[in-house]
Amino acid sequence: VAEALDISNAVLIKKLMGLGMMTSVNQVLERDVVELIAMDMGIEVKDEVITDLTRYDEMEIIDDPKDLVKRSPIITIMGHVDHGKTTLLDSIRKSRVVTGEAGGITQHIGAYQVEHGGEKITFIDTPGHAAFTEMRARGAKVTDIVVLVVAADDGVKPQTIEALQHAKASGVPIIVAINKIDKPTANPDNVMSALSAHDLTPEAWGGTTPYVEVSALKRLGIDNLLDIILVLAEVEDLKANPKRDAMGTVIEAYLDKGRGPVATVIVENGTLRIGDIIVIGNTFGRIRTMNDDLKKRYDEALPGTPVEITGLDQVPQAGDIFMVFKDERVARQTAEARSSKLKETYIKQQKASSLESMFGAQDDGEKVLNLVLKCDVQGSIEALKGMLDKIDVDGFKANIVRSGVGGISETDVQLASASGAVVIGFNVRPTAAVKSLAESMNVEIRLYNVVYRITEDIEKALKGMLEPVF
Ligand code: GDP
C-alpha cells in the first residue's frame, strides 16, 4: 500500500496510528482503511481486475525457498486402446484399499491418490484418456510423469506413438509399462525395440527410459511400477509451497442435481481450505466441501492432492485453472470479466465464421443451423457432437457454436443471439431469469432428455430450411 501511495512504510504506519491503529509492516489492511488514507491524500482507490490467471504463475517467484516442500507427483497413464490403461488404474487403486486405507468404497472423481513407501502418488483417472491432450491444448500442464502402457502381446500401435509424441512435446518424462506379461504371447523385447526407434531406449540397453513389466489384470509388477515412479519423481525434484493460497487445475466437472456444480481439482501449489474463495475458469465460488474418491472429507488439501469440491457458482471446464482470492467481490468481478472477455472472443469468432459461411453459401450453397449446446455431463456433449456431425440434409448442416457442461446461462443466450443460434439443453434447463432474457432477445431454447429427439428435430429443422420462403 505504501508503495502504491508513494510514501514510506514508516509514514503509512504513522498515518494508521493517526486513525488509532497500531500496525506492523506485514499486516493486511482492510479496504476501508486504505481508502480512508488514500482519500486523505487525494488519491482514488480502484479495484484491479485480474483477468489473466497465468499471472499467478509469475508469482511463483515469490515463494521463499525455505517454504518449499516436496509434493506428490501427478501421473497420467496413456497408451493405445485396449492395452490396459483402465485395468492398470484399477489395480493401482485397489492396491491401496488392500493396504487398509479408509473406506473401501470408491467413487470415480477423475483422480486419486495412493500411498506407496510412505510417499503419495496422484493419478489422473479420466475416461477417454483424451484429457491430457485436451488440457495441453488449453495450456494446462498438470502431469509430471506419463506412464505409457503397451500391451506385450500387441506391441507398439498408432495411439502409442501419438501418446509418446504428446508426452515428449510437453517435456514430461515417460515410464514405459509393458502390460499383459501374463499372456503366453507376450513379447516385451518387441516393445522395447519398437520404442527404441522412437528415442525411448530402455535403461537396460544403455538408454534413459525406465521400463517395467506388469500385468494389470493379475496385479503383477505394480509395486515395481510405483517404486519407479517415486524414483523418477525424486529426480524431478517436485516442490510446492503449502503456506500460500492454493492454485491448481480442474480435471473434471459436472452439474450434480443435489450438490450443484461439482469439480475435481488438483491442488498444484498452496493449501486449499474449506471456505476459501476461488476463481475457477470463468466462474467463482466459496469452497463448501472437499472430498476424495474414498469419500473422505478434507478441511484442507495440500499440494498434489486431488479433491472434489462444491460451492461453485457454475460448472467450470476440464483444464481450467483455479486460484484463491482474498475478497469475494474481487473474485466475482474477475470471474465476470473473464466470462465477458470469453464472450467477446466467441462473438468475434462467430462473426468471422458466419461471414465465412455466407461466403460459403455463395461458393457451394452450403448452409448451417447454428447451435449452442448445453449438457449435464461432458460425455453427452461428445456423443451429441458426433451425431450432429453426421447430419447432412442436402448440404445443410448443424454447426455447434459453443458447447459446455452446466445449466443454460445468460452468456449462452447472448451468444445464441449474436450468432443466430438455437440453444439446445440436454438434461439441463435455464433459470427463470435466463428464460426471460431469451424471450426478450428472441432466442429459442429447446430442452431435451432423449438424445435421438435432438437429432430428429435438427434434421426436421434443416429440412425446413430447404422449404421455399413465400
Ligand atoms: P484400455 O482401453 O487401455 O483402458 O484397456 P482396458 O484396461 O479396458 O483393457 C482391455 C482388455 O485387456 C480388458 O479385457 C482387460 O481385462 C485386458 N487386460 C488388461 N490388462 C491385462 C493384463 O495384464 N493381462 C491380460 N491377460 N489382460 C489384460
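At what angle do helix α12 and helix α13 pack, and how far apart are their axes? In this predicted model, local features need pLDDT of at least 70 and side-chain atom pairs count only at pLDDT 80 or more, while totals for chains, interfaces and linings use all residues. Residues are numbered from 1 along each chain as its sequence is written, and side-chain values use heavy atoms, with hydrogens and water left out.

Helix α12 (residues 410-419) packs against helix α13 (residues 432-441) at about 15°, with the axes 9 Å apart. The two helices are therefore roughly parallel (angles under 35 degrees). The crossing of α12 past α13 is right-handed (the near helix is turned clockwise from the far one by less than a right angle). From α12, Glu410, Val413, Gln414 and Ser417 make the contact (heavy atoms within 4.5 Å). From α13 come Val434, Leu437, Ala438 and Met441. By class, the contact residues are 5 nonpolar, 2 polar and 1 charged.

Helix α13 has a buried side. Its buried residues (under 20% relative accessible area, 1.4 Å probe, protein chains only) are Val434, Leu437 and Ala438. Seen down the axis of α13, these residues fall within an arc of 100°, so they line one face of the helix. An α-helix has 3.6 residues a turn, so residues three or four places apart point the same way. The cover over the buried residues of α13 includes α12 and β20 (445-448). Ala432, Glu439 and Ser440 lie on the other side of α13 and are exposed (over 50% relative accessible area). Just after α13, Asn442 adopts a positive phi of about 65°.

Terms used: Axes are lines fitted to C-alpha atoms, for helices over the stretch in contact, and angles run from 0 to 180 degrees between N-to-C directions. Helices (H or I, at least four residues) and strands (E, at least two) are DSSP runs, numbered from the N terminus. Angles under 35 degrees count as roughly parallel, over 145 as roughly antiparallel, 65 to 115 as roughly perpendicular and the rest as oblique. Ala, Val, Leu, Ile, Met, Phe, Trp, Tyr, Cys and Pro count as nonpolar, Asp, Glu, Lys and Arg as charged, and the others, Gly among them, as polar. The arc is that of the directions from the helix axis to the C-beta atoms.
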